[in-house]
Amino acid sequence: MKYLILQNPGHNRVYYNLADQLALAELQIAAEKMQSEVSTVEVELIEGVRYLSLETTELLTDSDLEIVSRLSFVFAIFQQEEDSNCLKPIRKNEYEFVDQKISSLLKYHGKTNELFTKMMVNVGLLASDFNHNETITLLDPVAGKGTTLYEALVYGFDAYGIEMETGAVHEAATFFKKYLETEKFKHNADERRIAGTNKNNEIQIRDFEFAKTKEAFKSGEGIKRIGMITGNAAEAYTYFKKPKFNLIVGDLPYGIYHGNKSFESRSGATRNPSELLEECLPQWMKVLKKGGTIVLAWNSFVVSPKKLSEIFESNGFSVLKEGPYTKFQHMVDKSIKRDIIVAKKV
Ligand SMILES: C[S@@+](CC[C@H](N)C(=O)[O-])C[C@H]1O[C@@H](n2cnc3c(N)ncnc32)[C@H](O)[C@@H]1O
């Protein structure tokens with residue numbers, strides 16, 4: 001069987017001339033997790049239009065179609081009839097707990113692109129020992145105003161963020177509360193101390209529990225959770241105290257717009273990703289479940305992929321650095337060559 005996938009037109013704007021390379025890498029990683037045997041994954045031009053093609057020995061199973069439908073670049077899926085250019089549209093099998101538009105509503109300087117964020121969440125889950133019909137809990141330890149948390153919520157995951165800038169957490173929590181009210185979710189919003197012993201050292205979490213209906217909220221089974229902590233990523237274990245997360249996904253500070261002076265002077269940390277990771281990984285290892293993955297985006301002009309891998313490995317992680325995992329590097333602007341690292345707790 002041969003399937004052809006049209007890429008979301010927005011993909012070119014995010015990755016310029018590398019849009020097909022990144023889509024191909026995501027599809028190859030997905031192919032490894034599919035039930036169907038996949039023989040070829042490649043980029044193909046038909047009458048001047050670019051598709052991603054996927055050849056399988058049998059029809060895609062429902063679960064495989066769910067995997068393909070969730071990929072960040074997928075706009076439309078077709079099955080190609082044998083020996084012809086006739087394309088039969090295949091309905092996407094997309095599960096959305098909340099509408100995808102949630103992560104595009106807040107606009108601000110320094111926001112991580114939504115499609116790129118979705119891709120990181122997908123790669124993390126595909127590379128982990130878990131899959132999308134399990135209960136998944138995700139942490140973004142450098143959460144900004146929450147793009148990763150909203151992308152996780154689209155998939156129905158519980159999600160927690162740590163962010164050191166009080167203003168960002170406040171804005172994200174205000175936005176999210178308004179969202180729950182506007183969309184008429186049954187919800188509880190709470191603000192409480194998660195660490196620290198007094199007013200001077202306390203760490204606050206803004207916690208939301210919500211469900212689509214009163215009945216689902218009451219039964220407890222339909223409840224989702226989002227939590228936003230104003231704190232330090234390096235203290236993740238102090239806040240969560242157990243291996244709570246299937247996935248850790250984040251876009252590390254680039255040292256250009258996002259750096260925070262007050263934090264640097266408070267802790268002596270720098271914006272260099274390698275120093276931040278040296279400080280954080282021991283705690284992230286403790287909050288990640290076995291079989292879980294970490295996916296982080298960083299500026300590879302500042303630290304090389306090799307150096308970053310060494311830091312992960314010296315902290316006991318297994319880094320995925322073969323094949324498609326090496327194909328995510330792309331220019332964002334003159335000073336940022338963005339890449340992602342995928343590491344697993346085995
Ligand atoms: C690239 S931004 C993330 C943007 C986010 N993905 C979004 O779309 O809103 C990185 C964030 O990490 C935060 N940060 C840097 N070091 C941190 C630390 N040690 N603990 C918590 N947050 C940190 C910065 O304040 C910044 O908001």
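A: The answers below go through confidence, cavities and domains.

Q: What should I know about the source before we start?
A: This is a predicted model, in which local features need pLDDT of at least 70 and side-chain atom pairs count only at pLDDT 80 or more, while totals for chains, interfaces and linings use all residues. Residues are numbered from 1 along each chain as its sequence is written, and side-chain values use heavy atoms, with hydrogens and water left out.

Q: What is the mean pLDDT?
A: The mean pLDDT (the predictor's confidence in each residue, from 0 to 100) is 93, and 95% of the residues reach 70 or more. Over residues 257–270, however, the pLDDT is below 50, and this stretch has 19 contacts (heavy atoms within 4.5 Å) beyond near neighbours in sequence.

Q: Ok, cavities: how many of 30 Å³ or more turn up?
A: A search of the whole structure finds two. A cavity here is a set of points, on a 1 Å grid over the protein atoms alone, where a 1.4 Å probe fits but cannot get out, and its lining residues have an atom within 4 Å of a point. Grid points are joined across faces, edges and corners, and the volume is the space filled by probe spheres set on the points.

Q: What lines the largest cavity?
A: The largest cavity holds about 110 Å³ of space, and its lining includes Lys33, Ile67, Arg70, Asn122 and Phe130. Two helices (DSSP runs of H or I, at least four residues), α3 (62–70) and α5 (114–127), each supply at least two lining residues, and α5 gives the largest share, three residues.

Q: And where does that cavity lie relative to the domains?
A: Domain 1 (2–90) and domain 2 (102–344), whose bounds come from an automatic or database domain assignment, both give residues to the lining, so the largest cavity lies between them.

Q: What about the second largest cavity, how much space lies in it?
A: About 40 Å³, with Ala143, Glu163, Val169 and Met228 among the residues that line it.

Q: Back to the domains, how many residues are in contact?
A: 22 residues of domain 1 are in contact with 24 residues of domain 2, and 28 Å separate the two centres, taken over C-alpha atoms. The buried area, meaning the accessible area (1.4 Å probe) that two parts lose on being put together, summed over both, is about 1900 Å², of which carbon and sulfur atoms give 64%.

Technical notes:
On a 1 Å grid over the protein atoms alone, a cavity is a set of points where a 1.4 Å probe fits but cannot get out, and a pocket is an open set with protein on both sides within 12 Å along at least five of seven lines; lining residues have an atom within 4 Å of a point.
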